[in-house]
Amino acid sequence: MNYKIPRGTFDILPADSSKWQYVQQVFRKVAASFGYREITTPIFEMAELFERSSGESSDVVQKEMYRFTDQKGRSFALRPEGTAPVVRSYVENHLEMQGGRTRLYYMGPMFRYDRPQAGRYRQFYQYGVEFIGSNHPYYDAEVIALEMTFLKALGLTRPRLEINSVGCAECARDYDKALRDYYAPHLNELCPDCQKRYELKPRRLLDCKVPSCKAFRKDAPSQFDYLDASCREHFDAVCRYLDQMKINYQINPAIVRGLDYYTNTAFELICDELGAQNSIAGGGRYNALIAQVGGKDTPGIGFAGGFERLLLALEKENIQLPQNPNPALFMVLMGEEAVDFALPLIAELRQKGIYVDYNPEKGSFKAQLKAADSMNARYALIIGEHEAISRTLVLKDLSSGEQQSLSADELLSFPFEA
Ligand SMILES: [Zn+2]
Ligand SMILES: [Zn+2]
């Protein structure tokens, strides 16, 4: 039996792992500079958490969630997104006690049963932040600024921000009515899914990918035109903060996020280089979510982005990411005494974080030097029988060919790049 990786998943192979580590490290650093702390939740949760938060009628819950029943018959789901688990933990652990404003970030795999295509996987890796505890429009701009700072720190030059407001629950009610009025004469022309959506969640009519349904979208009323005064004011204030932060944006009324819990601000960060699937992060305000999963009525805002598309965008912009390191030092040891002398030195160097390699299977001096070359080592440390007796070593710079004689102490204080 030849085992194959499950469809829609991928291995992060050693050749790529340093790129993944790098983008994660930059994200951690940027998040920390905004005062965000990492939170790690399990990859599975009670299925009901997502049914409550994403909405029973959402595609995520209806079609994409990996559900399973455990040995005791309880219903769980692999997490399809990161916000609901973070909010679950926030409520369960009373994180609100720690001063009102809670800033959290996370990263890890998410799971959706979706048709695999370029840049879309069934197990995919996301990063995101959640700001919980205030409805102040400054924080909407802050989380956007965090993502912008991250993208720019990686060297992306042209990320674009598109922003919209989907209003509060009251605005949404007015808007739903407007949508039903608009779609009513066309009800028979809609796909069966959309006929259900018409009653349940008219806003989902706008998400339908069936071409005949999509055609109606163009002239459909926009949520933006149904904002009440306070939601309009909130949106204008967010835009003002973005202006002050020198973050460019375009208002795009078509941004309606797929999950039920979004209120007010909704946004996407876009890299046009990516073609059709050009959104690399998206988020918004979710003022109703915390109460929905059993907490006190508390506003929040956040975003999530995908590492796969981010790495693709970096590749398209030809941004060089760190490669796996080469050995700083390759040992070339002749005879048992040399090995005796060298192994404690190797241990000390590695303790200092210096990458040292040695290949005992290569016998001759020449074969060992060749091995050092093929590993692209920076230096070779040569210890022959003679050196072993005199307790000296020869350090050879493999790019210049220069050699110098060192004592063991000199070697240990040599400025290798760790
Ligand atoms: Zn409103
Ligand atoms: Zn449809």
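Student: Which class of accessibility does Arg120 belong to, and at what relative accessibility?

Tutor: At 29% relative accessibility, Arg120 counts as partly exposed. The term covers residues between buried (under 20% relative accessible area) and exposed (over 50%), computed with a 1.4 Å probe on protein chains only. The model is predicted, so local features need pLDDT of at least 70 and side-chain atom pairs pLDDT 80 or more, while totals for chains, interfaces and linings use all residues. Residues are numbered from 1 along each chain as written, chains are lettered from A and ligands numbered from 1 in written order, and side-chain values use heavy atoms, without hydrogens and water.

Student: With which residue does Asp114 form a salt bridge?

Tutor: Side chains of opposite charge can pair when their charged atoms come close. Here a salt bridge requires a side-chain nitrogen of Lys or Arg within 4 Å of a carboxyl oxygen of Asp or Glu. Asp114 pairs with Arg120, the closest N and O atoms being 3.0 Å apart. Asp114 is partly exposed, with a relative accessible area of 22%. Elsewhere, Asp59, Lys63, Asp193 and Arg197 are joined into one network by salt bridges that share partners.

Student: How many salt bridges are found in the whole structure?

Tutor: The search finds 22 salt bridges. One of them joins Asp70 to Arg74, at 3.0 Å from N to O. Asp70 is buried, at a relative accessible area of 16%, whereas Arg74 is partly exposed, at 45%. Glu142 and Arg103 also meet through their side chains, again with 3.0 Å from N to O. Glu142 belongs to helix 5 (residues 137–153) and Arg103 to strand 5, so this pair ties together parts that are 39 residues apart in sequence. Both Glu142 and Arg103 are buried. Helices (H or I, at least four residues) and strands (E, at least two) are DSSP runs, numbered from the N terminus.

Student: Which residues are the protein donors of the zinc ion (ligand 2)?

Tutor: Donors are N, O and S atoms within 2.8 Å of the metal (3.2 Å for Na, K and Ca); water is not among the atoms, so sites may look incomplete. The SG atoms of Cys191, Cys194, Cys208 and Cys213 lie 2.2 to 2.3 Å from this ion. The angles among the 4 donor atoms are 105 to 114°, and the site is tetrahedral, a label for four donors with all angles between 85 and 135 degrees. Cys191 is buried at 12% relative accessibility, and Cys194 is buried at 0%.

Student: Which residues coordinate the zinc ion (ligand 1)?

Tutor: Cys168 (SG), Cys171 (SG), Asp228 (OD), Asp228 (OD) and Cys231 (SG) coordinate it at 2.1 to 2.7 Å. Cys171 is in helix 6 (residues 169–183) and Cys231 in helix 9 (residues 229–244), so the pair ties together parts 60 residues apart in sequence. Both Cys171 and Cys231 are buried.

Student: How far apart do the C-alpha centres of domain 1 and domain 2 lie?

Tutor: Domain bounds come from an automatic or database domain assignment. Domain 1 comprises 14–168 + 228–316, and domain 2 comprises 329–412. Their C-alpha centres lie 50 Å apart.

Student: Where is Glu96 placed?

Tutor: Glu96 is in the loop between helix 4 (83–92) and strand 5 (102–111). Glu96 and Thr298 are 202 residues apart in sequence, yet 9.2 Å apart in space, C-alpha to C-alpha.

Note on methods:
Four donors count as tetrahedral if all angles lie between 85 and 135 degrees; four count as square planar and six as octahedral if opposite donors are over 155 degrees apart and all others between 65 and 115; anything else is irregular.
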